[in-house]
Amino acid sequence: MSDISRLGVVGCGLMGSGIAEVAALRGLDVTVTESSAELAAAGRDRVIASLERGVRRGKLTETERDQALARLTFTHDLGELADRQFVIEAVAENRDVKLDLFRQLDKVIVDPEAVLATNTSSIPVVDLAVATGRSSHVVGLHFFNPVPVQKLVEVIPALTTSADTVTRARAVATELLGKEVVQAPDRSGFVVNALLVPYLLAAIRMVESGAARPEDIDRGMELGCAHPMGPLRLLDLIGLDTAQAVAESMYEEFKEPLYAAPPLLQRMVAAGHLGRKSGRGFYPYD
Ligand code: CAA
């Protein structure tokens, strides 16, 4: 059984807020950090909105919501993570930002046995590991969006990760967070995105070439293949900026044209049409 009770989450956007919510609902003491007081407050609002939604839909009682909230601390001071036993980094998919963060976490976290996990979708875990002085305690834990719903977590050991760290990361994901795990290689895209991203990009190219409309592509995959949502709706959910970043990092690693971000994706990101989170992507959102 896992001995971990104090979790840190760095970044409270789509993924970080979901991880923090799940962890607090399952009884962990969670400290969430953001880079500014405003972003910390926005992250808190995001978690509260999701908990409220759970109450409205009859999945949570008001007491469970309140207990979860009481277990959460939101801060913009990374130093408040000092006593954490396990930290999950879920900041934007930017290599330099993540490298800098891992250097800082290495200094801040007191317990030498603490595990530092990254939710990166595509950046080599080993790069983040060797940015610290504790590369055997760094591991990838890749969650899926929406975190409260998707059962899977990919566990990605870097070449430097110890067997004990992998065991502890698997225990946190399964026993503490209630997820199922698959072990994935430390190569860009891991297992799931390596298969998913070429499919999503192919759907964008189909729209870009004028071959089919988003509605028809999505309905085709939803009704024809029983996918819960078609590729363009899914891109809107993931965030087009995130999808672009993942595709670019996979392209950088493999130089395969099927991973190259199509111009339409790049232009939509440049225009700020990022999907649900910005109110507009392949579809409009209120
Ligand atoms: N938090 C908590 N619960 C949520 C939720 C959220 N954010 N969003 C949906 N749910 C729950 C709902 O409460 C509902 O539960 P019940 O049926 O028990 O009431 C259930 O999920 C279904 O939700 P909805 O009825 O609102 O909507 P839906 O049936 O259209 O499902 C969906 C929405 C769960 C997002 C579903 O369409 C889905 O699974 N889509 C595919 C998502 C996917 O593929 N994610 C992976 C993305 S790739 C990724 O994340 C990796 C990466 O690195 C890019």
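## Basis

Residue numbers start from 1 along each chain as its sequence is written. The model is predicted: local features need pLDDT of at least 70, side-chain atom pairs count only at pLDDT 80 or more, and totals for chains, interfaces and linings use all residues.

## Overall fold

The protein has 11 helices and 8 strands (DSSP runs numbered from the N terminus: helices are H or I, at least four residues; strands are E, at least two). Its radius of gyration is 19 Å, close to the 19 Å from the globule rule for 286 residues, so the protein is as compact as a globular protein of that length. That radius is taken over C-alpha atoms, and the rule is 2.2 Å times the number of residues to the power 0.38. The C-alpha trace spans about 55 × 45 × 35 Å along its principal axes.

## Nonpolar cores

Buried residues make up 44% of the 286 (buried: 20 or more other C-beta atoms within 10 Å of its own; exposed: 12 or fewer; partly exposed: in between; C-beta atoms are placed from the backbone). A nonpolar core joins buried Ala, Val, Leu, Ile, Met, Phe, Trp, Tyr and Cys residues through C-beta atoms within 7 Å.

The largest core holds 54 residues; Ile-19, Ala-20, Val-87 and Val-139 touch the most other members. Helix H1 (residues 14–25) gives the most, with 7 residues. A separate core has 23 residues, including Leu-235 and Met-268.

## Tyr-251

Tyr-251 sits in helix H10 (residues 240–254). Tyr-251 is partly exposed, with 19 other C-beta atoms within 10 Å. Its C-alpha lies 8.2 Å from that of Ala-261, 10 residues away in sequence.
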